[in-house]
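Good morning, and thank you for coming. Please look at the sequence and the structure while I speak.

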Amino acid sequence: MEQWLNVVGFEGFYEVSNHGNIRSFKTKEIKKQTNNKTTKRPYLGLWKNGKQKIFKPHTLVLEAFVGKRPSGLECCHNDGNAFNNHISNLRWDTPKSNHADKIKHGTTNRGERCAKAKLTLNQVNAIRQDKRLQKEIAIEYGVQQSLISKIKNGVRWQHN
């Protein structure tokens with residue numbers, strides 16, 4: 001059953017549910033959440049006294065149902081799904097733990113998922129097996145020789 005509590009700092013203006021929904025206190029109309037163009041994560045704007053403030057829904061859920069964010073902690077999604085803002089899927093935890101979750105769920109931007117990646121996983125594996133001079137390999141793949149060195153020495157693409 002969906003349970004509603006006041007949004008911390010917006011009492012009497014908005015409510016948040018244990019399912020991750022946010023609604024107007026007066027009209028009971030659920031607010032539409034928008035996805036950030038860069039991060040693709042949901043957010044929404046709440047108005048009070050003629051000023052808008054932007055929030056991530058998961059933060060509103062945790063603050064209402066668990067308490068204020070402890071210093072040094074951040075919101076973590078237990079299943080890795082940023083759109084599952086049910087209270088049972090959220091917790092305050094360390095950035096290190098959150099990053100470990102991202103690796104476990106495959107949602108980190110490592111390797112080919114990184115926007116700046118110039119190589120694929122298959123190319124990296126081929127480079128590691130290649131016995132030619134690093135300079136020759138770099139020319140073939142159109143990258144710097146230093147990147148080839150870092151791949152072969154396990155400094156780059158070390159997660160594979």
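Predicted model: local features only at pLDDT ≥ 70, side-chain atom pairs only at ≥ 80, totals over all residues.

Residues are numbered from 1 along each chain as its sequence is written, and side-chain values use heavy atoms, with hydrogens and water left out.

Let me begin with the strands. Helices (H or I, at least four residues) and strands (E, at least two) are DSSP runs, numbered from the N terminus. Two strands pair if DSSP finds at least two bridges between them. An open sheet is formed by three strands in the order E4-E5-E6, with antiparallel pairing. Strand E4 (34-35) and strand E6 (51-55) are at the edges and have a single partner strand each, so one side of each has no neighbour in the sheet. Between strand E5, residues 42-48, and E6, the antiparallel pairing runs over five bridges. Within that pairing, Leu 44 has Phe 55 of E6 as its bridge partner.

A second pair involves strand E7, residues 74-77, and E8, which are antiparallel over four bridges. There, Glu 74 has Asp 93 in E8 as its bridge partner. Which residues of strand E8 make up its covered face, and which its uncovered one? In E8, residues 90-93, Leu 90 and Trp 92 form the covered face, whereas Arg 91 and Asp 93 form the uncovered one.

I turn to the salt bridges. A salt bridge is a side-chain nitrogen of Lys or Arg within 4 Å of a carboxyl oxygen of Asp or Glu. By this rule, there are six salt bridges. One of them joins Arg 91 to Asp 93, with the closest N and O atoms 2.9 Å apart.

Glu 15 takes part in a salt bridge with Arg 23, where the closest N and O atoms are 2.7 Å apart. Glu 15 also forms a salt bridge with Lys 28, where the corresponding distance is 3.3 Å. This pair links distant parts of the chain: Lys 28 is in the loop between strand E3 (22-24) and E4, and Glu 15 is in strand E2 (residues 14-17), 13 residues apart.

Are these residues buried or exposed? Buried means under 20% relative accessible area, exposed over 50%, and partly exposed in between, with a 1.4 Å probe and protein chains only. Glu 15 counts as buried because its relative accessibility is 9%. Through shared partners, salt bridges join Glu 15, Arg 23 and Lys 28 into one network. Arg 23 is buried too, while Lys 28, at 40% relative accessibility, counts as partly exposed.

Now the helices. Contact means heavy atoms within 4.5 Å. Val 124, Ile 127 and Arg 128 of H3 meet Ile 148, Ile 151 and Lys 152 of H5.

Finally, consider Asn 36, in the loop between E4 and E5. At 28% relative accessibility, Asn 36 counts as partly exposed. Apart from neighbours within four places in sequence, Asn 36 is in contact with Arg 41 and Tyr 43. The C-alpha atoms of Asn 36 and Gln 158 are separated by 30 Å, and these residues are 122 residues apart along the chain.
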